[in-house]
Amino acid sequence: MVALAENVQKRLTVQTVEIAPNTTAIRCLDWDRDRFDIEFGLQNGTTYNSYLIKGDRVVLVDTSHTKFRDLYLNTLKSLINPKAIDYIIVSHTEPDHSGLVEDVLQLAPRATVLASKVALQFLENLVHDPFSKRIVKSGDRVDLGQGHEIEFVSAPNLHWPDTIFSFDRKTQTLYTCDAFGMHYCSDDTFDINLEAIEPDFKFYYDCLMGPNARSLLNAMKKMGELGKIKIIANGHGPLLYHHLDILRECYQAWSQRQAKAETIVALYYVSDYGHSERLARAIAEGIQKAGLGIEIMDLTSAEIQEIQELAGRAAGIIIGMPPSANVAAHAGISSLLAVVKKQVVGLFECYGGDDEPIDPLRRRFLDLGIKEAFPAIRIKETPSTATYQLCEEAGMDLGQLLARERNIKQIKSIDANLEKALGRISNGLYIITAQKGDVQGTMLASWVAQASLQPLGFTVAVARDRAIDSLMQVGDKFVLNVLEEGNYQELKKHFLKRLLPGADRFAGVKTQTAKNGSPILTDALAYMECEVVSSIECSDHWLLYCTVQDGRVSKPDGLTAVRHRKVGTYY
């Protein structure tokens with residue numbers, strides 16, 4: 001294993017290692033990156049993985065992000081004369097994997113690009129000079145010689161519509177790009193430390209793969225037809241080898257659970273237009289937090305019957321407005337109008353410069369008697385973290401609306417004596433406040449309990465469908481405000497109000513700023529500055545263990561407000 005180059009200031013390194021006969025991984029390690037897109041917070045950096053296979057003919061599988069241009073190209077030239085590259089496989093065209101395709105083609109002018117039909121259409125807008133290309137689909141093969149025969153698998157919507165997998169039969173290595181990846185940066189080429197990578201593996205699945213669970217199950221079925229797979233060479237994070245079977249089973253189980261969701265939402269967008277991809281993912285994350293299934297479909301590449309079939313199964317429909325000139329997307333939206341019945345609908349702009357206006361389409365849905373799930377999201381400037389938070393909250397609102405009837409049925413199924421007994425567990429009343437950049441959040445909490453003395457720490461339960469969840473990840477800081485008995489009704493009433501997505505939660509409330517940047521409620525009995533240290537997934541809640549760094553009491557003789565319940569099936 002050799003680290004061939006390094007940019008110390010930004011901690012960008014390139015690692016090369018032979019992972020199989022005649023097969024070299026070129027891993028670009030982005031140690032300090034703390035966000036992937038704007039809404040995808042990272043704890044452990046990320047990597048961009050590329051692969052070089054040398055038979056009688058040479059193939060390069062994917063490239064890297066443009067931030068690695070010099071490091072990557074110098075590394076590639078140290079491994080091979082680029083003019084000897086015969087093929088470049090583009091697994092999909094998102095810039096973190098294809099950002100240097102044009103640069104490589106300039107060094108390897110005779111190379112043929114192998115990609116799906118949709119990917120080649122995208123590439124023609126990214127590469128400014130003519131290039132040799134060939135469409136590949138499931139079952140197609142390319143013989144590199146010396147036993148290296150590459151078989152292709154179409155895997156659309158993982159997570160872009162143009163994705164393909166590539167399988168080298170000699171080394172039994174499957175190249176999957178985004179699928180089976182994770183944003184986790186370390187010197188370990190392979191998945192040697194399962195405990196360390198599991199949280200990032202699951203988080204990555206939830207954010208990027210879960211919304212396309214049906215497509216993933218189809219791709220995994222095709223994978224099963226390839227025979228024995230020894231290595232999954234992904235596009236981000238450690239390659240899967242040591243725990244490949246376990247992690248494949250995780251994908252299978254998670255996807256089956258998602259695909260079997262009783263209630264699903266269909267989200268339609270144009271993946272290569274404006275900020276639609278990122279905005280769609282933020283909305284999808286909110287829907288998933290509400291416990292609903294989500295399926296995402298690209299309006300440009302999907303067939304009309306696929307668009308209508310998905311809408312027929314969905315309880316909710318969300319549409320990202322396409323560019324005015326996209327004929328295929330508009331035909332897809334028109335087909336939706338022909339099949340909607342009792343679904344709820346939500347619309348959002350993509351900020352692509354030529355968005356189709358929202359109001360005419362909104363009016364057509366309303367005229368059909370379709371209920372609006374959330375106010376149309378109109379974006380007038382480049383999306384920020386606050387914009388993505390707004391989108392996530394809109395997704396939560398839609399999800400909670402659709403989940404309400406299901407939740408009532410579940411509550412009614414619980415034994416009456418049991419729910420009354422559970423309700424006798426009493427708790428204090430608190431308000432959690434948090435701010436990260438220009439995003440702020442708050443939550444009325446009662447499930448709080450001290451958990452340790454050294455260090456001083458407590459636990460708090462946070463429902464998965466709370467908007468503040470994104471501000472309560474491991475390492476995040478917040479304030480726990482203690483409400484005072486006999487003097488809490490106004491604060492409680494204010495923070496229980498249902499507000500529109502993106503609204504200012506602190507409007508009209510007196511606050512101060514804590515050392516950690518979060519708001520302190522001036523009228524609270526006491527406050528503590530806290531940090532999330534760890535979390536445990538508990539069905540519909542996260543149980544967070546938090547430590548306390550600072551705190552004050554405003555009234556030494558004041559008592560904490562207490563919440564007494566009659567039943568244990570609601571707060």
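Is phenylalanine 478 buried or exposed? In this predicted model, phenylalanine 478 is buried, at a relative accessible area of 0%, where buried means under 20% with a 1.4 Å probe and protein chains only. Before I go on, residues are numbered from 1 along each chain as its sequence is written, and side-chain values use heavy atoms, without hydrogens and water. Local features need pLDDT of at least 70 and side-chain atom pairs count only at pLDDT 80 or more, while totals for chains, interfaces and linings use all residues.

Let me turn to the rings. Phenylalanine 458, also buried with a relative accessible area of 5%, forms an edge-to-face pair with phenylalanine 478, with 6.4 Å between centres and 80° between planes; rings of Phe, Tyr and Trp (its six-membered ring) pair if their centres lie within 6.5 Å, and planes over 60 degrees apart count as edge-to-face, under 30 as stacked and the rest as tilted. This pair joins strand E25 (residues 457-463) to strand E26 (residues 477-482), its two members being 20 residues apart, and strands here are DSSP runs of E, at least two residues, numbered from the N terminus.

Across the whole structure, the search finds 12 aromatic pairs, and ring pairs also link Phe180, Phe201, Tyr205, Tyr251 and Trp254 into a cluster.

Methods. Helices (H or I, at least four residues) and strands (E, at least two) are DSSP runs, numbered from the N terminus. Buried means under 20% relative accessible area, exposed over 50%, partly exposed in between (1.4 Å probe, protein chains only).
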